[in-house]
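Subject: A structure for you to look at

Hi,

Here is the structure I promised to pass on. Open it up alongside this email, and then read on for what turned up.

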Amino acid sequence: MYTETARPGAPAPESDAGTAPAAPPGETAPRIVTEDATIGYHGRVVAEHLSVAVPDGSFTAIIGPNGCGKSTVLRALSRVLPASAGRILLDGKAVGSYPPKEAARRLGLLPQSSLAPDGIRVADLVARGRAPYQNLIHQWRPSDEDAVRAALEATRLTELSGRLVAELSGGQRQRVWAAMLLAQDTPIMLLDEPTTFLDIAHQYELMELFRTLHEQGRTIVAVLHDLNQAARYADHLIVMHDGRVVTTGPPESVITAELIDEVFGLRSLVVPDPVTGTPTVVPLDPRTVTPAP
Amino acid sequence: MTTTRPRVDFGYAVRTVRSPLFSGRVGVRLAVVSAALLLAALVVSVLALGLGDFRLGALEVTRALLGGGESFHRIIVTEWRLPVALAAIVFGALLGIGGAIFQSLTRNPLGSPDVIGFDAGSYTGVAVTLLVLGAGSYWNIAVAALTGGLLTAFVVYALAYRRGITGFRLIIVGIGIAAMLNSANAYLITRADIDDAMTVGLWHAGSIANVTWTPMLPSLGFAAVIVVAAVLLSPALRRLELGDDAAVTQGTRVGAARLALLVVGVATTALVTAAAGPITFVALAAPQLARRLTRSPGISVLSSAAMGAMLLASAHLLTLAIAEVYRVIPVGLITVCLGGLYLIWLLVREARRQYGTPA
């Protein structure tokens, strides 16, 4: 069922709501917008006067150095953190005004770290993603089963569905969490550093999965550490530094040696990726380069 | 209604239930184990109904329960012994539910209300009411137990709160608060006169032997409310197992859900404490024993309730059997003895698992 999700401008069909207001008209209406938002934890402001937009149907990557607030912004976009000032809009309406399950059918999150209950098996954990569609009377409809099957299939976990999650490798386990998000069947998916702690093959395997999901029409927002991955997979970048948005736009125009120096304090050479042609950041050797005046 | 096998391999036997009124997915082992535990609790209770100064066979008990047999037997069974047997089952189930809620919220098998001080708080509430205010009616004690338990819960929560709640800090703070409350309780007893001190001391042992229909009927009403609330909240409890971020994005109002679960969990112990005194270790042991028997992921409220009922009904039968050969011992002392052994085993296992090896 997840294969039929949203084309740009059309939210996914919702199996049991039917009342969902349509996305604002026009193909360019962004799915999530922050308007002059202040975001932080327990009185500590991480980002102030934050105004960003996630274009509909985009693969947006949020990049920036450690501690720049990118994960905090993603958590605000995903309704985990409320804005203490300003507004965060989901499909044109304040995120807080949605009934929680309704919002959960539009927007899902792959958190940086999740907790698997003791002794849970793969299929059970993936099935937890169906929570926004379930209630006391309908806890397991045919549509739930279809979504779980499809999510297992897309993440190549069908063979492993009966295994204990604790027995899987790190790469497999991250695929299980991705499958749980996939089973949630949302037109918008937020990913918080989805490839951290994975080896390079598993990183690209997972990124290819997200690329496929994006090509099927989903809007994807990912916090990424690896700039080359961000440039290769995303079509829209949000560059953050010190709680501010430095610039936004397509990777080709955003990723420049000047920006990398300004934001990360790293002198580098930006060259086209020999495989995809997207910008690649190659750090210069500080011993052979004369410092900039 | 139809039941079928799902087309997904869950790694264990599962049946899908489909009807216009209900659709669900039921683990076969979970259902069978829970039903067997409830059945065992009923059988044990029927045996217990026959034991006492006037011994009755299981057949006579069953006949009396169904309204037949001699009228004297009916009085013994339904008037005197049935409230006690019901108390064992219902209170055991409530303690199992309370333990399941708190162990799930704290993500720690030690995080049960009797360990983290809520029992001690209920006891303080009752001791103050009985010894200082001199009020001893069922309603006074019930309100005192609930207030004491809730106040303690909020104090423990507030002291353990630092950018959210972690199970481990909650447990350590709870154990500390429980120790302080117990010293306050001991002080209250030293300044009381001997009769009142005896009353409170007996109450503290945790006994259901003297439960009559008068406190049992309102208790059953409250128990029904608590069970319904626990059923309504159990989906939110399951979502909270995955962590707050995942729970929010799966459509949970995390703050409201956790507060409601906290109140329901405290209400389970407070209700039992009000009617019978603190009965410890059932809430601690039932969810974990049930989890091992059912092999279900996480903690299941239903099987914990069934296990709690079975444990307390069995402990009650054991007190009656001991009374046959020795003397009457409060059921709370039995659960403490058996539970103590369980706690030692659990602490050793947890210490090895969590703190023995560097994380």
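What percentage of the 293 residues of chain A count as buried? The figure is 47%, where buried means that 20 or more other C-beta atoms lie within 10 Å of a residue's own, exposed means 12 or fewer, and partly exposed is in between, with C-beta atoms placed from the backbone.

Some ground rules first. This is a predicted model, in which local features need pLDDT of at least 70, side-chain atom pairs count only at pLDDT 80 or more, and totals for chains, interfaces and linings use all residues. Residues are numbered from 1 along each chain as its sequence is written, while chains are lettered from A and ligands numbered from 1 in the order in which they are written.

pLDDT is the predictor's confidence in each residue, from 0 to 100. For chain A the mean is 87, and 89% of the residues reach 70 or more. Residues 1–26 of chain A are below 50, though this stretch has 52 contacts in the model beyond near neighbours in sequence. (Two residues are in contact if their C-beta atoms, placed from the backbone, lie within 7 Å.) Where pLDDT is low, the predicted coordinates should not be read in detail.

Chain A, piece by piece

Chain A has nine helices and 13 strands. Both are DSSP runs numbered from the N terminus: helices are H or I with at least four residues, strands are E with at least two. Take the contacts in chain A between residues at least 6 apart in sequence: 66% of them join residues at least 24 apart.

β7(A) pairs with β8 (residues 188–192) of chain A in the parallel sense, over four bridges; strands pair if DSSP finds at least two bridges between them. Across that pairing, A:Leu110 stands opposite A:Leu191.

The loop between β8 and α6 of chain A holds A:Glu193, which is not a glycine but has a positive phi near 45°. A:Glu193 counts as partly exposed because it has 19 C-beta neighbours inside 10 Å. A:Phe197 lies in the loop between β8 and α6 as well, and is partly exposed, with 13 other C-beta atoms within 10 Å.

Next, β5 (residues 85–90) of chain A. It pairs in the antiparallel sense with β1 (residues 32–41) of chain A over five bridges, and A:Glu35 has A:Arg87 as its bridge partner. β5(A) also pairs with β6 (residues 93–94) of chain A, antiparallel again, over two bridges, with A:Leu90 opposite A:Lys93. The hairpin of β5(A) and β6(A) has two residues between the strands, and A:Asp91 takes a positive phi near 50° there. Why does A:Asp91 count as buried? Because it has 23 C-beta neighbours inside 10 Å.

Now helix α4 (residues 142–154) of chain A. At 1.5 Å a residue, its 13 residues should span 18 Å, and its end C-alpha atoms are 18 Å apart, so the two agree. (The expected span is 1.5 Å times one less than the number of residues.) Its buried residues include A:Val148 and A:Leu152, and their cover includes α3 (122–127) and α5 (170–183) of chain A. After α4(A) comes A:Arg156, with a positive phi near 55°.

Where chain B comes in

Chain B puts 29 residues in contact with 39 residues of chain A. On the chain B side, β3 (23–27), α8 (213–240) and α9 (244–249) each supply at least two residues, and α9(B) gives the most, with four. That side divides into 10 nonpolar, 10 polar and nine charged residues. (Nonpolar covers Ala, Val, Leu, Ile, Met, Phe, Trp, Tyr, Cys and Pro; charged covers Asp, Glu, Lys and Arg; the others, Gly among them, are polar.)

Happy browsing!
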